[in-house]
Amino acid sequence: MELLVVDFGIIFTGLTGKGVTKFLLFSKNLKLFAPEYLFEELKEHLSRVKLLSSLSSREIDSLISRLEGHINVVKKSEFEALLEEAKSLISDPDDTEYLALSLSMNKCPIWSNDPHFKKQSLVRVFTTEELVEYLKSKGLF
């Protein structure tokens, strides 16, 4: 089982798209972690998710509920000590918590399509495409 920190962009894509991202989000081969901030971010963008997806409100609520049960949410207090270091490594303040969480988990890889993450070299970052290739190479996809 692969451990990954997952960012909001991946969740957004998984909720609004029909492709491989949604499949991977619920894969038994991935154990996903995210700061509690992820679900706050999701609430802020819920109207956009509903607008861009072809799903009913009930279907979206059901998917979010499944995600909440599948993603291991980590309280900010558990990685707060690494926020300053993370802030110095990445230019987008929205990504700081994800990077700090990764650092607190022994540099657990991050799953994100956000190019800001690739500008730091401390933590491995998988785009969805790279993650699929990696999982294929391990026989997990």
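Predicted model: local features only at pLDDT ≥ 70, side-chain atom pairs only at ≥ 80, totals over all residues.
**Exercise 1. Follow the fold**

Task: Work out which helices and strands the protein has, and what its overall build is.

Solution: 
- Start by counting elements: there are nine helices and five strands.
- Then turn to size. The radius of gyration is 15 Å, close to the 14 Å that the globule rule gives for 141 residues, so the protein is as compact as a globular protein of that length.

**Exercise 2. Look inside**

Task: Find which residues have the most contacts inside the largest nonpolar core, and what surrounds Val6.

Solution: 
- Begin with burial: 46% of the 141 residues count as buried.
- The largest nonpolar core holds 46 residues, and Val6, Ile11, Leu25 and Trp111 have the most contacts inside it.
- Now zoom in on Val6. Beyond its neighbours within four places in sequence, Val6 touches residues including Ile11, Leu25, Ile71, Tyr98 and Trp111.
- As background, nonpolar side chains tend to be buried together in soluble globular proteins.

**Exercise 3. Contacts, surface and charge**

Task: Describe the contacts between residues at least 6 apart in sequence, then the accessible surface and the charges.

Solution: 
- Of those contacts, 63% join residues at least 24 apart.
- The accessible surface comes to about 7600 Å², with 50% belonging to carbon and sulfur atoms.
- Finally, the protein has 18 positive and 21 negative charges, and their mean positions lie 6 Å apart.

Note on methods. Residues numbered from 1 in each chain as written. Heavy atoms only, no water. Helix = DSSP H or I, 4+ residues; strand = E, 2+ residues; numbered from the N terminus. Rg over C-alpha atoms; globule rule 2.2 N^0.38 Å. Buried < 20%, exposed > 50% of the residue type's maximum accessible area, 1.4 Å probe, protein only. Contact = heavy atoms within 4.5 Å. Areas by Shrake-Rupley, 256 points an atom, 1.4 Å probe, with all protein chains shown as cover. Lys, Arg positive; Asp, Glu negative; His and termini not counted. Charge placed at Lys NZ, Arg CZ, Asp CG, Glu CD. Core = buried A, V, L, I, M, F, W, Y, C linked by side-chain atoms within 4.5 Å.
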